Amino acid sequence: MLKVSNLTKEYPTPAGPLTILSDVSLEFQRGDAAAIMGPSGSGKSTLLYIIGALEPPTSGTVTLDGLNPFSLDEPAQAAFRNDNVGFVFQDHCLLPQCSVIENVLTPTLVSRENKNYTKRAGSLLDQVGLTERLTHRPAELSGGEKQRVAIARALICEPLLLLCDEPTGNLDRHSAENIASILLDLHQKQNTILIVVTHSPELAAHFPVRFELIDHKLQRVS
Ligand SMILES: Nc1ncnc2c1ncn2[C@@H]1O[C@H](COP(=O)(O)OP(=O)(O)OP(=O)(O)O)[C@@H](O)[C@H]1O
Ligand SMILES: [Mg+2]
């Protein structure tokens with residue numbers, strides 16, 4: 001279970017602390033899927049980064065199956081992220097010099113598990129429809145294809161948490177629909193906790209549970 005309790009995030013600025021998140025709490029079980037919406041600058045990426053243990057909160061706690069990643073030292077925190085968190089970044093962050101399959105395999109380089117990840121990478125890339133693109137470099141892919149590689153990479157280490165920041169941000173309607181159905185399909189097959197941050201009402205409409213970040217607070221809207 002993912003439990004976020006009374007989370008606050010402030011950034012120091014010359015004019016004093018800048019509040020981004022205030023008293024945010026939520027709970028998700030394995031198999032849950034939710035969308036988080038909100039205006040630009042409202043703190044959606046910040047919240048996702050904190051949930052994914054990429055950025056510490058100012059106060060409050062995040063626990064995954066009872067473990068608070070921010071209580072761990074840095075190497076243990078990195079291992080926690082590698083084992084539990086799949087992150088699809090707002091600008092996908094693929095390595096330009098690596099091929100599609102190499103990009104998907106990157107997280108496994110530091111994995112402590114000794115599994116046949118190449119087979120799993122091939123299967124994930126098949127599921128996102130990229131079997132014909134395994135040796136392409138990111139520059140040789142369309143925007144939607146890059147997002148699909150990022151989704152396969154996020155799932156390679158079988159994470160409990162699949163966190164997606166604007167996964168359909170720069171895509172046309174058809175490609176966005178395609179990414180949405182791939183995400184929900186893989187989420188169901190892998191039984192993850194899926195949290196998607198989006199500006200798109202069409203993407204959010206795929207999720208039964210929706211939140212909005214308004215005035216630093218998270219409000220459930222459906
Ligand atoms: N390191 C930082 N120092 C100071 N302020 C920051 C820092 N990182 C983010 N912010 C501020 O926090 C606010 C929230 O940023 P965040 O990226 O979470 O917004 P967002 O809701 O994801 O926006 P968008 O929809 O445009 O991606 C912004 O106003 C931003 O300027
Ligand atoms: Mg953002």
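Helices (H or I, at least four residues) and strands (E, at least two) are DSSP runs, numbered from the N terminus. The structure is a predicted model, in which local features need pLDDT of at least 70 and side-chain atom pairs count only at pLDDT 80 or more, whereas totals for chains, interfaces and linings use all residues. Residues are numbered from 1 along each chain as its sequence is written, and chains are lettered from A and ligands numbered from 1 in the order in which they are written.

The shell around ligand 1, taken as residues whose C-beta atom, placed from the backbone, lies within 6 Å of the molecule, consists of Y11, L18, I20, G38, S40, G41, S42, G43, K44, S45, T46 and Q90. Both β2 (16-28) and α1 (44-51) supply at least two residues of this shell, and α1 gives the most, with 3 residues.

Three strands form an open antiparallel sheet in the order β2-β1-β4, two strands being paired if DSSP finds at least two bridges between them. Because β2 and β4 (59-64) stand at the edges with a single partner strand each, one side of each is left without a neighbour in the sheet. Strand β1 (residues 2-13) pairs with β2 in the antiparallel sense over 9 bridges, and K9 has L21 in β2 as its bridge partner.

R210 lies in strand β8 (residues 209-214) and counts as partly exposed because it has 19 C-beta neighbours inside 10 Å, the class between buried (20 or more other C-beta atoms within 10 Å) and exposed (12 or fewer), with C-beta atoms placed from the backbone. Although R210 and A34 are 176 residues apart in sequence, they are 5.6 Å apart in space, C-alpha to C-alpha.
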